Structures are given as C-alpha cells and as structure tokens.
Amino acid sequence: MALLQFKHLLPDERPLWQMFLNEHGKEYHRFEYDVHVGILPAELQKLREPYRKGAEAVYLKRIDAVGFQTDNVTIFEVKPRGSMSGIGQIIAYMQLYDEKFDPRGDLRGAMICERVDETTQHLLQSHDIDIYTYPVYIL
C-alpha cells in the first residue's frame, strides 16, 4: 500500500499508520479515512452545493481513521508524539462520531504514535484508549 494513499495524514504520520496496518490491519474488516464529524454553523447549513461541501471541509472536525471490527468501531488518531491534546481529540471525536453515526457495538479510541511520555500513557490507559507506538528511524 503506497503511503501517498493516506493523503489526509501529514507526511510524518503516514509511516506510523502504515506500520500499524502492517501489524494490525487484518484485524479490521475495513477502514474509513478523513471522517467528518461535528456541527456545521446554522447559517452555513443553508448553503447549496458545492458551497455547503466546502463549508463542511473547513468547519467540521476530521477523524484520521475509523476501523470496523465485528463488535466494535475504533477511532484512530495518528500523531508523531502522543500528547494530552491527542487524548482530548480522541475523546471529542468519539462523542461526535457516536452522535452522528450511532454505531453498533463498542466505540473505542486508539492513538498511533512514535513516542509517548509516561504521563500521557497513564492518561490514555485511564481513559481506556489503546496506544500503539512505532519508532520511526529516518536516516
């Protein structure tokens, strides 16, 4: 799978996602990328296409990846460095995804990163968010 397939990810995030897919991709039936969630301001909801679609691209939040398994849906956030802001994003994305799509089964969160400090790792575990770390060595 070419890394350019993941155009929605930043260049330093793509290798991390590819490593995750190499290790865990077969555990999922499918993935959706760049999933838009959130609330479009009322004045913009009245716009006609293609203007509404453009407004959605700017105003809505974008989930890096959503993975589907038989009994659960996982919201993935890909970051070079695991951080508290990433935890907040995952928690918010999970709520917004649940409100928009009302998924069947469990809704889970996961962070894919190159490194994470002990405090952030502790917080991820406290919020039952899975963490996958993949050291990336660029020569």
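Here is a quick tour of the aromatic pairs and salt bridges in this predicted model.

A bit of housekeeping: local features need pLDDT of at least 70 and side-chain atom pairs count only at pLDDT 80 or more, while totals for chains, interfaces and linings use all residues. Residues are numbered from 1 along each chain as its sequence is written, and side-chain values use heavy atoms, with hydrogens and water left out.

**Aromatic rings**

Rings of Phe, Tyr and Trp (its six-membered ring) pair if their centres lie within 6.5 Å; planes under 30 degrees apart are stacked, over 60 edge-to-face, and the rest tilted. That rule gives 13 aromatic pairs. One of them is Trp-17 with Phe-20, a stacked pair at 5.2 Å centre to centre and 25° between the planes. Both residues belong to helix α1 (residues 14-24), three residues apart, or about one turn of the helix. Helices (H or I, at least four residues) and strands (E, at least two) are DSSP runs, numbered from the N terminus.

Phe-20 also pairs with Tyr-132, this time edge-to-face, at 4.9 Å centre to centre and 70° between the planes. Since Phe-20 lies in helix α1 and Tyr-132 in strand β5 (residues 129-133), the pair ties together parts that are 112 residues apart in sequence. Phe-20 and Tyr-132 are both buried, and Trp-17 is buried as well. Buried means under 20% relative accessible area, exposed over 50%, and partly exposed in between (1.4 Å probe, protein chains only).

Zooming out, one aromatic cluster takes in Phe-6, Trp-17, Phe-20, Tyr-28, Phe-31, Tyr-33, Phe-76 and Tyr-132.

**Charged side chains**

A salt bridge needs a side-chain nitrogen of Lys or Arg within 4 Å of a carboxyl oxygen of Asp or Glu. The count here comes to seven salt bridges, including these:

| Salt bridge | N to O distance |
|---|---|
| Arg-30 and Glu-32 | 2.4 Å |
| Asp-34 and Arg-62 | 3.9 Å |
| Arg-108 and Asp-128 | 3.4 Å |

Asp-34 in strand β1 (residues 30-37) and Arg-62 in strand β2 (residues 61-68) are 28 residues apart, so their bridge links distant parts of the chain. Asp-34 is partly exposed at 31% relative accessibility, and Arg-62 is partly exposed at 41%.

Arg-108, Asp-128 and Asp-130 are linked in a network of salt bridges. Arg-108 counts as partly exposed, at 21% relative accessibility.

Arg-30 has a second contact to look at: its charged end sits over the ring of Phe-68, 3.9 Å from the ring centre. The test is that NZ of Lys or CZ of Arg is within 6 Å of the ring centre and within 35 degrees of the ring normal.
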